[in-house]
Structures are given as C-alpha cells and as structure tokens.
Amino acid sequence: MNIKVNKRLYRSRKDRQMAGVCGGVADYLGIDPTLVRLVWVIFSIAGGPGLLLYIIMAAVVPEEPEFVQTTAEKSKREDFV
C-alpha cells in the first residue's frame with residue numbers, strides 16, 4: 001500500500017535557535033539540524049546570500065502547526081513499535 005505524504009516546509013517550533021528556519025529545513029530534508037546550521041553559517045561568512053536568505057525565509061515560511069509531527073518524532077515513534 002502506497003501512502004502519499006504531503007511534505008511541507010515549516011519553521012520548527014521545537015528545534016530552533018532563532019526563528020526555526022534551519023530546524024525546519026533539516027526536518028524537511030531529514031538531516032541533522034546542526035549540519036544545516038553549519039552550512040548556513042559558512043554561506044553567510046563566505047559572502048553568500050545566507051543571512052539575507054535566512055531573513056526572507058523567517059518572514060515567508062510559516063511556523064509549524066502544533067499538530068504536525070516532525071520526521072524525528074516519527075522515527076522515534078517507529079523505533080518503539
């Protein structure tokens with residue numbers, strides 16, 4: 001049985017340092033948020049559009065609804081089943 005899941009990008013409510021953008025991107029991609037933060041800082045320091053992109057995403061990307069279950073929570077839940 002194939003179940004289609006609508007994957008959406010949200011700013012994270014639980015895994016946030018500032019606005020939750022990196023935590024949301026990490027959840028969307030299914031990777032560690034620290035890795036996303038590190039890449040974001042490197043792009044910002046290297047003269048890339050990192051800071052500007054972060055500000056734009058913080059304003060445009062909606063905050064995660066309270067009922068949305070993150071990928072990390074789903075994997076933790078599956079471990080116990």
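Guide: Let us begin with salt bridges. Side chains of opposite charge can pair when their charged atoms come close. The rule used here asks for a side-chain nitrogen of Lys or Arg within 4 Å of a carboxyl oxygen of Asp or Glu. By this rule the count is one salt bridge. This is a predicted model, in which local features need pLDDT of at least 70 and side-chain atom pairs count only at pLDDT 80 or more, while totals for chains, interfaces and linings use all residues. Residues are numbered from 1 along each chain as its sequence is written, and side-chain values use heavy atoms, with hydrogens and water left out.

Visitor: Which residue forms a salt bridge with R13?

Guide: The partner of R13 is E63, and their closest N and O atoms are 3.5 Å apart. This pair links distant parts of the chain, 50 residues apart: R13 belongs to the segment before α1, and E63 to the loop between α3 and α4 (71–80).

Visitor: How is the accessibility of R13 and E63 described?

Guide: Buried means under 20% relative accessible area, exposed means over 50%, and partly exposed lies in between, with a 1.4 Å probe and protein chains only. R13 counts as partly exposed because its relative accessibility is 38%. E63, with a relative accessible area of 29%, is also partly exposed.

Visitor: How many helices and strands does the chain have?

Guide: Helices (H or I, at least four residues) and strands (E, at least two) are DSSP runs, numbered from the N terminus. Here there are four helices and zero strands, and the order from the N terminus is α-α-α-α.

Visitor: Which residues of helix α1 are buried?

Guide: In α1, residues 21–29, the buried ones are V21, C22, G23, G24, V25 and A26. They pack against α2 (33–45) and α3 (50–60). Just after α1, G30 takes a positive phi of about 75°. Of the 81 residues of the chain, 26% count as buried.

Visitor: Which residues make up the largest nonpolar core?

Guide: A nonpolar core is a set of buried Ala, Val, Leu, Ile, Met, Phe, Trp, Tyr and Cys residues joined through side-chain atoms within 4.5 Å. The largest one has 10 residues: A19, V21, C22, V25, A26, V36, W40, Y54, M57 and V61. Helices α1, α2 and α3 each supply at least two residues of this core, and α1 gives the most, with four.

Visitor: What does Y54 touch?

Guide: A contact means heavy atoms within 4.5 Å. Leaving aside residues up to four places away in sequence, Y54 touches M18, A19, G20, V21, C22 and W40.

Visitor: How is a pair of aromatic rings described?

Guide: It is described by the distance of the centres and the angle of the planes. Rings of Phe, Tyr and Trp (its six-membered ring) pair if their centres lie within 6.5 Å; planes under 30 degrees apart count as stacked, over 60 as edge-to-face and the rest as tilted. A search of the whole structure finds one aromatic pair. W40 and Y54 form this edge-to-face pair, with 5.7 Å from centre to centre and 90° between the planes. The pair links distant parts of the chain, since W40 lies in helix α2 and Y54 in helix α3, 14 residues apart. Both W40 and Y54 are buried.
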